[in-house]
Amino acid sequence: MPGAGLSVKSVLAGVLALLVATLLSGCERTSPQSALQLTDITGAEFGRGFSLTDHNGRARTLADFRGKVVAVFFGFTHCPDVCPTTLAELAQVMRELGPDAKKVQVLFITVDPERDTPEVLRQYVPSFDPSFLGLYGDTDAIARTAKDFKVFYQKQALPGGGYSVDHSAGMYIYDREGRLRLYASYGRGAAALLHDIRILLGAS
């Protein structure tokens, strides 16, 4: 019965193919890359680095933090909501990480160098977590850095005098090799940040 033999072989081949597909899909579900909750921007051609000064007066570049997962956020200390909310979420992430928190560095780059002096940054940024660093530079340095990171910011006059600063509210996260890996839009929350930072820590 040649026809029956061919039918059995076809069934067996189909079962084998199904088993292989199931195994592969199982691998995909459990692979760190597919489990990421934030936006994967691995290979992006921007945000390659910076040359600024931290709130302790030390010149800094991205290479200084090689070996750590680095979260970079642009903001300003007079920000009423987005900036303190984001820094508070990152502080929560650090607490949840426990001992692994020492493998993570949060960098807050000011877009308001006129008011965010080293003294102001030194009081504001570490108040969320002692390990957090505020970075600043002159007007040109901040403009260059923001452009390289595709970050928008612009002064807005306030009705009663003074000004605020409109700015992009997302966060960039680098792996321990210094590669830009993730973009976190504002409002993703501490749980998503914690989840993906743990993946980057475990993948290093």
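Colleague: What is the mean pLDDT of the protein chain?

Modeller: This is a predicted model. The chain averages a pLDDT of 86, with 83% of its residues at 70 or more. Residues 1-32 fall below 50, and that stretch has three contacts beyond near neighbours in sequence. Where pLDDT is low, the coordinates should not be read in detail.

Colleague: Fine. Which residues have the most contacts inside the largest nonpolar core?

Modeller: L97 and I173, in a core of 60 residues. Leaving out residues up to four places away in sequence, L97 touches V104, L194, I197, R198 and L201.

Colleague: And α6, which of its residues are buried?

Modeller: A190, A192, L193, L194, D196, I197, I199, L200 and L201. The helix covers residues 190-203 and reaches 20 Å from first C-alpha to last, close to the 20 Å expected.

Colleague: Switching to aromatics. How many pairs are there?

Modeller: Seven in the whole structure. In one of them, F46 and Y172 have ring centres 5.9 Å apart and planes at 75°, so that pair is edge-to-face.

Colleague: Where do F46 and Y172 lie?

Modeller: F46 is in the loop between β1 and β2, and Y172 is in strand β9, so the pair ties together parts 126 residues apart in sequence. F46 is buried at 19% relative accessibility, and Y172 at 6%.

Colleague: Which cluster do ring pairs make?

Modeller: They link F46, F74, F149, Y172 and Y183.

Colleague: Last one: which charged end sits 3.7 Å from the ring centre of Y163?

Modeller: That of R115, over the ring. The charged end of K155 also sits over the Y163 ring, 4.4 Å from its centre.

Methods. Residues are numbered from 1 along each chain as its sequence is written. This is a predicted model: local features need pLDDT of at least 70, side-chain atom pairs count only at pLDDT 80 or more; totals for chains, interfaces and linings use all residues. Side-chain values use heavy atoms; hydrogens and water are left out. pLDDT is the predictor's confidence in each residue, from 0 to 100. Contact means heavy atoms within 4.5 Å. A nonpolar core is a set of buried Ala, Val, Leu, Ile, Met, Phe, Trp, Tyr and Cys residues joined through side-chain atoms within 4.5 Å. Buried means under 20% relative accessible area, exposed over 50%, partly exposed in between (1.4 Å probe, protein chains only). Helices (H or I, at least four residues) and strands (E, at least two) are DSSP runs, numbered from the N terminus. The expected span of a helix is 1.5 Å times one less than its number of residues. Rings of Phe, Tyr and Trp (its six-membered ring) pair if their centres lie within 6.5 Å; planes under 30 degrees apart count as stacked, over 60 as edge-to-face and the rest as tilted. A charge sits over a ring if NZ of Lys or CZ of Arg is within 6 Å of the ring centre and within 35 degrees of the ring normal.
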